[in-house]
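Q: I am new to this structure and would like a close look at one part of it. Please start with a loop and follow the chain from there into the packing around it.

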Amino acid sequence: MGLSEEQIQKLREEYAEKRKNVTLFKSPIITLTRFATVVVETVRSYFWQVARHPASRYLGLPIFIIWGISTTSFESNKMGLSEEQIQKLREEYAEKRKNVTLFKSPIITLTRFATVVVETVRSYFWQVARHPASRYLGLPIFIIWAVGSLLPGPHRYLLKQFELVIQFIVWWTGLGILSSVGLGTGMHTGLLFLFPHIIKVTMAANTCKSTNFESLTDMWFNSSPDLFFCQEAAPDAEPPSFFSIFAKVFLPAMLWGAGTAIGEIPPYAVSRAASLAGQANAEFDEITESQSSWNILNRMKDWMIGFLKTHGFWGVLLMAAYPNMAFDLCGICCGHFLMPFWVFFSATFIGKALIKVHFQSAFFIVLFSQDSLPRIVAFVDKLFPENLEPCQFFVGKECHILLSEALDKAKDTFLSKSSGAEVSASSGFKLKDLWGWVMVVFIGYFVVSCINQFAQQKQMELDEADIRKRR
């Protein structure tokens, strides 16, 4: 190249500045590629160093051979177990699986979880890639989108709108799936995202006296600067009706409800597959055999199983049409009884996406309407005696005053864009910061629960495979 020392120094500084962007959040693909390269090179280098060392050839290899022979001999002695011994072995394995958690056995748990992730992604990738809809619909749309994104022109606006619609659908449907996936360990995305969205839309509509404001981009990483800001409205305008606000939140609520219905498929599918294969279903056996110290709970459980078995579609629809924390059990029972998939899913979809979630939307719209907010503040004021105010103890203000200030600040935020005024952030207690920490705790608990559950599920598959070898 023939660069001078000054040019080389300048080039080094440019490269150093660019390297600051090589992070997971700014350049995830480049960062992961470089990290994988380092891992592969390091493992390969140390592997050959260890393999060529005399201690490996004259000590490590003989020990490995002896261990392999002894293990094979030990396994052969364990074959031919009786049914009683197999049942006892299952109970031992079930007891050991309780320790497969991130806090008790982190390495085993993460290994099992990584195996599940790789197997699941690989399986679904090939299923989606081979499906006719992917080849004749998804692939052409992707090609048109990719080419259109590279070429300048007026069509770029339509592409931006198309991307926004896709993000909107994926966001709310994905949150619904996260809310119901897993056996009782779902992330409470209704409490964290959907219900706050409905509350913000309701308060913005009452403050702006119109529903003519931006709410579509109420998503992480894609919020518009005009989100929930009022447009110009007549001074004597009346607040929008209940049905206007309901129509504003109908689509995100329905997509979230559809996602919760999709999230109920895995327990149903696993239970149905086990029943078709004639294998033991641990979840269903636990439901039917476990007994609570409260007799009424046992009766309710037995009634639910009998009700689903007798009424089929209508039974599932009824169970899905109200906030039912035990609906996972319904999916397991329906799979065990070999209920047809479309009967189960259509009933679940109607109950969750078309009935339950819209009753919840109506509840929050009414609760946070213009007439109800003063009553809520007054109720909070009367809820705690003056000498037992928890908010006074922690932040130095009474709870109803904090709530009133938060509501006033929200109204000022909605109006600040149209009036041109700036809303100053208070230096004291911030309800938004507290809610952010609540979300972090919920999301962290959800992630840990998912990792533990998937790892235990994989460990159960390995345990069952070992039992089959010993028969």
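A: Leu338 sits in the loop between helix H14 (327-336) and H15. Helices here are DSSP runs of H or I with at least four residues, numbered from the N terminus. The model is predicted, so local features need pLDDT of at least 70 and side-chain atom pairs count only at pLDDT 80 or more, while totals for chains, interfaces and linings use all residues. Residues are numbered from 1 along each chain as its sequence is written, and side-chain values use heavy atoms, with hydrogens and water left out.

Leu338 is not a glycine, yet its phi is positive, at about 60°. Its relative accessible area is 36%, so Leu338 is partly exposed (buried is under 20%, exposed over 50%, partly exposed in between, with a 1.4 Å probe and protein chains only).

Helix H15 (341-367) supplies at least two residues of the largest nonpolar core. Such a core is a set of buried Ala, Val, Leu, Ile, Met, Phe, Trp, Tyr and Cys residues, joined through side-chain atoms within 4.5 Å. H8 gives the most, with 10 residues.

Leaving out residues up to four places away in sequence, Trp172 touches Phe193, Leu194, His197, Asp218, Pro252, Leu255 and Trp256. Contact means heavy atoms within 4.5 Å.

Now back to loops. Lys209 lies in the loop between H8 and H9. Lys209 has a positive phi of about 55°, although it is not a glycine. With a relative accessible area of 31%, Lys209 is partly exposed.

Last, the surface. A nonpolar patch of about 1100 Å² includes Leu137, Trp145, Leu151 and Val170. Patch residues have over 30% relative accessible area and no salt bridge; nonpolar side chains (Val, Leu, Ile, Met, Phe, Trp, Tyr) are joined within 5 Å, like charges within 9 Å. A salt bridge is a side-chain nitrogen of Lys or Arg within 4 Å of a carboxyl oxygen of Asp or Glu. Areas come from the Shrake-Rupley method with a 1.4 Å probe; for residues, only the protein chains shown count as cover. Helix H6 (132-150) and H7 each supply at least two patch residues. H6 has the largest share, 8 residues. Trp145 lies in H6. Its relative accessibility is 31%, so Trp145 counts as partly exposed.
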